[in-house]
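Open the model in your viewer and keep the sequence panel beside it. This tour goes stop by stop, telling you what to select and what is there.

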Amino acid sequence: MPSRRALLTGISAGLATALAGCSASESHQSPPEDGTLVTDYITAKTRSSTEQPPIVAPRDDEEAAADETSTTAEPLSLHVIESEEDAAALEFADDATDVAAVRRLVAETAYASESVLVYQTRISECHRLKLNYVTKDSDGQPSVEFCQVVRDATVECERDARDHVAAFVRLPFPADEYSGYSVSGGGGCNPVPERYQNESESP
């Protein structure tokens with residue numbers, strides 16, 4: 001069933017995806033000029049080092065009915081968890097890390113006033129995904145800026161190897177308050193734009 005959301009994505013890592021029948025764009029999205037900084041969010045991440053990503057989305061009932069013997073699930077790339085039912089439908093890969101923290105985040109979300117944005121992508125084995133900052137434009141559309149940082153020197157890794165990582169971001173507003181969103185998942189962590197820093201310091 002096609003999603004009711006118009007997804008606006010800017011994934012500089014080069015990820016092109018389709019979510020519930022809607023194609024996501026691949027161009028980098030700049031932070032909104034008229035936005036405000038969102039600071040009261042909570043995030044959790046899960047990671048896998050195999051070809052299977054840590055989060056998969058179960059197939060819809062019609063597709064499952066056509067092949068009851070298959071357990072294949074489509075991988076998530078971008079998704080918004082809008083309700084407890086959405087949260088219960090999540091499936092995790094066997095080798096996914098920190099699953100308990102992710103389950104706790106989605107289970108403790110008050111979906112009447114909050115929502116959870118899920119972003120899943122590939123990443124170098126020697127890097128980790130970091131949430132840089134979150135903004136909200138004048139129309140209520142959230143924009144989430146991710147970046148990548150080098151993992152601790154004690155972590156064994158190969159520069160050319162790639163993992164899957166999924167980030168869950170609990171936003172302090174319900175899903176029905178926005179019809180689209182922007183996600184950037186680039187390389188280095190740029191500083192928060194000065195216009196947002198100034199606003200956050202205002203009384």
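Helices (H or I, at least four residues) and strands (E, at least two) are DSSP runs, numbered from the N terminus. This is a predicted model, in which local features need pLDDT of at least 70 and side-chain atom pairs count only at pLDDT 80 or more, while totals for chains, interfaces and linings use all residues. Residues are numbered from 1 along each chain as its sequence is written, and side-chain values use heavy atoms, with hydrogens and water left out.

**Stop 1: the whole chain**

Select the protein chain. It has 4 helices and 14 strands. Colour by burial next: 45% of its 203 residues count as buried. Buried means under 20% relative accessible area, exposed over 50%, partly exposed in between (1.4 Å probe, protein chains only). Now show contacts (heavy atoms within 4.5 Å). Among those between residues at least 6 apart in sequence, 76% join residues at least 24 apart.

**Stop 2: an open sheet**

Select E5, E13, E10 and E8. These 4 strands form an open sheet in the order E5-E13-E10-E8, with antiparallel pairing. Two strands pair if DSSP finds at least two bridges between them. Which strands stand at the edges? Strand E5 (42-48) and strand E8 (78-81) do; each has a single partner strand, so one side of each is left without a neighbour in the sheet. From one strand to the next, the twist averages 20°.

Zoom in on E8 and strand E10 (residues 115-124). They run antiparallel, joined by 4 bridges. Pick Ile81 here: it stands opposite Val116 in E10.

Axes are lines fitted to C-alpha atoms, for helices over the stretch in contact, and angles run from 0 to 180 degrees between N-to-C directions.

**Stop 3: Asp98**

Select Asp98. It lies in the loop between strand E9 (91-92) and H3. Is Asp98 buried or exposed? Asp98 is exposed, with a relative accessible area of 53%. Check its backbone too. Phi is near 55°, a positive value in a residue other than glycine. Most residues other than glycine have a negative phi.

**Stop 4: the disulfides**

Select the cysteines. The structure holds 2 disulfides, each a pair of cysteine sulfur atoms within 2.5 Å. Counting bonded cysteines along the chain, the pattern is 1-3, 2-4.

Start with Cys126 and Cys157. Their sulfur atoms are 2.0 Å apart. The torsion about the S-S bond is about 105°, so this disulfide is right-handed. Cys126 lies in the loop between E10 and strand E11 (127-136), and Cys157 in the loop between strand E12 (142-150) and E13, so the pair ties together parts that are 31 residues apart in sequence. Cys126 counts as buried at 14% relative accessibility. Cys157 counts as partly exposed at 32%.

Move on to Cys147 and Cys189. Here the sulfur atoms are 1.9 Å apart. This link is right-handed, with 85° about the S-S bond. Cys147 lies in strand E12 and Cys189 in the loop between strand E14 (180-185) and helix H4 (194-201), so the pair ties together parts that are 42 residues apart in sequence. Cys147 counts as buried, at 0% relative accessibility. Cys189 counts as partly exposed, at 32%.
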